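Let's take a walk through this structure together, one piece at a time. Have a look at the picture first, then read on.

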Amino acid sequence: MMKMTSPAELEKYRSSILEGIDSGRPSVSVCCGTGCSASGALEVVSAFERLLEEKGIQANINTKITGCHGFCEQGPLVLLSPGNRLYCKVTEEDVDDIIEETLLANRVVERLLFVDPVTGEKIEKEEEIPFYKKQLRLIFGDNGKMVPTDIRDYLSLGGYSALAKVLKGMGPQEVIQEIKNSRLRGRGGAGFPTGLKWESCDKAEGDIKYVICNADEGDPGCFQDRSLLEGNPHLVLEGMIIGAYAVGASQGYIYVRNEYPLAVKNFSTALEQAREMGLLGENILGSDFSFNIKVVRGGGAFVCGESSALITSIEGRIGEPRYKFVHAAEKGLWDRPTVLNNVKTWAAVPLIINRGAEWFSEIGTEQSKGTMIFSLTGKVNNTGLVEVPMGISLRELIFEIGGGILEGRKFKAVQTGGPSGGCIPEGLLNLPLDFEKLAEVGSMVGSGGMIVMDETTCMVDVAKYFLSFTQEESCGKCVPCREGGEHMLKILERITRGEGEERDLELLKEISDTMQCASLCALGKLAPNPVLTTLKYFPEEYLAHIKDKKCSAGVCKELIEYLIDPEACTGCGRCLKACPTGAISGEKEAVHILDQEQCIKCGNCMEVCRFDAVSVE
Amino acid sequence: MTVDLEKVNSIIEKYRDDREAFIALLQDISAEYRYLPEEVIRYVSEEIEVPVSRLFSLATFYTSFRLEPRGEHEVQVCMGTACHVRGAPRMLDKVTQKLNIKPGETTEDKRFTVETVNCVGACALGPLLVYDGKYYGKLTQWKIEKLLEGSNDEDDQSS
């Protein structure tokens, strides 16, 4: 690949790529994000490669292995152009039909189309599917259009034009001002204004400055940072280069979870390609600006998502946070001025530079601008990654984009912001999603996790789940977090075992208060949120566990019983065979009996019963 | 136990000039041996002239490191929130009952190691587990039974 020595040369190269693209040539994009790959997308890709070669037409059809398209629920996804047709749940057996019918004869393979669960109607085009229709995919939209390991694809979609624009005629101050004007806020959780952070780093004294990309996406149920790095690594990289130029940094780091090997691989490939083309390294695009980036793999500690812990981890030490009397922007990595931003924040930068701060600041709400990518998961029909303008209501997100609750059950709560966030009840579903509104109800945007819960989810159990998570991940440096978390967890365990007392609820609030006030970092300060919000919005569930010794959701083992309905039981013997403790007895074709003494509440019988004869109370 | 220190030497060489790279160095060693053998850590500490306590503090702080050898097959049960609300605890119970070990342990015959992981980012398929790097989604206890028994059969046939 040729090294570009000026922005003009880059533009010339881009034009040559665009001229070489035959827009009429059919193309197949197979989503190979984590969800689709786990559902068999790689087999679909090999089937395409094999069959296209067998038919001798591989040269006429462009096959792309892309990153995540977001609609994980319907994976493996295959997007075909021209026409932007989306095929869902594609298996290798379907590939021959797709080639013969759609690619060669331009006919639709009806059985692979998305079926609207509400209307029963089949939908052909990606953009008309309700899941995509209401989204505004500014950052995430290109994932489905490019091969993440091919820089030419990124260039053909306008990649690195923001960098060229900056180097051609914007001074660092102008870039900072533009980001300030856009009112972009950090997408990692706290929502700090990005432009201000850059400005303090720029003003801080020091010859050596750093920029860091936080890709230690540790919130369970969140995978948007991973999908961006896997599917569009150059976008994040371009944002970092622009940021480094603005604050005068010469070295950058990206801290990625070691559990994300493909993200590490694709981002490293992007680094190599950018270096080869003169977009990274010495004298970028012939300017006197030089900048390099190193990839650091995380060690699997949740607390390292916290900025000061992440910085100490890059320094090769254990990831313990420190007090932030002095911000990282002034004294960060090796005590030098450092800008640390989340993956999604960096990814927004090229867009703002290209399309202008004014355009960006028109999207969203008064305080929260732009779009946010959420991982919509849990008991929702359309699990996936969605990008929406800030300010959309939870109801629209869950019921329109998300397609409502699994198996038509009743919505109970939605948990946002991961282990540091809270559970929001049905009464607040019209809440517009932004940093302030979510904080007002005791939750947060966080890094964009959104877990939907239904009537079969126990809110006390959920609180216990999050607390056991944060307690396990507490680094142990400060007492409130280390001890407070453990005691709260003990109380919650007691309650879910049916041994709780009413005064436990007061005690939970008291410990929460101490943790919020006195913990060293956000992990401890925010850890009580799931407990406090469930206590506030679902007090009756706690009381049912404490007073009536009942778990209405049928989750807490010590408080439930599995029952066989003699009316519905056909005596088929499936549950009897499945029971690991031999608690079920009964002759063939006679009603089966469950001995509560021997039952370990594993729920196997309920799972295998074909006649809905087993219930939980 | 004797380990091939040749491999360790090449890893040490790779990070010779990198003052921050202790974690990466341990990660590479861990990838090579599938755990961190004590004698290797001691050897590395002498070679790079860093106190052994420093390396052990890293090895015990970060959850991706193991100080005990892992079993032949690794079963990682996803305990992410989406999987949790879809019944992951029951799935974990099933795995641990079936293999008769606790999470984090290895069976006596060294065939299986069971671990819990926080989230593998395939939430649409929850509850799920990762078996030797392969994802098994929309789990039921029945599927787990088959999966763990199936691997028994295969191994019995091959041995």
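Before we start, one term: two strands count as paired if DSSP finds at least two bridges between them. Keep in mind, too, that this is a predicted model.

With that in hand, turn to chain A and look for an open sheet of four strands, ordered β9-β8-β7-β10, where the pairing is parallel. At the edges sit β9 (292-297) and β10 (338-342) of chain A, each of which pairs on one side only. Neighbouring strands in this sheet are turned by 20 degrees against each other on average, if you ignore direction.

Now zoom in on one of those pairs. Strand β7 of chain A, residues 210-215, runs parallel to β10(A), and five bridges join the two. Which residue in β10(A) is the bridge partner of Ile212(A)? That would be Leu340(A).

Helix α13 of chain A (residues 307-314) lies across β7, β8 (251-256), β9 and β10 of chain A, and runs at about 105 degrees to β8(A).

Over to chain B, then. It has seven helices and four strands, and along the sequence they come as α-α-α-α-β-α-α-β-β-β-α. The C-alpha atoms of chain B fill a box of roughly 50 × 40 × 20 Å along the principal axes. Of the 159 residues in chain B, 38% are buried. Finally, among the contacts in chain B with a separation of 6 or more, 60% are between residues 24 or more positions apart.

Methods:
Residues are numbered from 1 along each chain as its sequence is written. Chains are lettered from A and ligands numbered from 1 in the order in which they are written. This is a predicted model: local features need pLDDT of at least 70, side-chain atom pairs count only at pLDDT 80 or more; totals for chains, interfaces and linings use all residues. Axes are lines fitted to C-alpha atoms, for helices over the stretch in contact, and angles run from 0 to 180 degrees between N-to-C directions. Two residues are in contact if their C-beta atoms, placed from the backbone, lie within 7 Å. A residue is buried if 20 or more other C-beta atoms lie within 10 Å of its own, exposed if 12 or fewer, and partly exposed in between; C-beta atoms are placed from the backbone.
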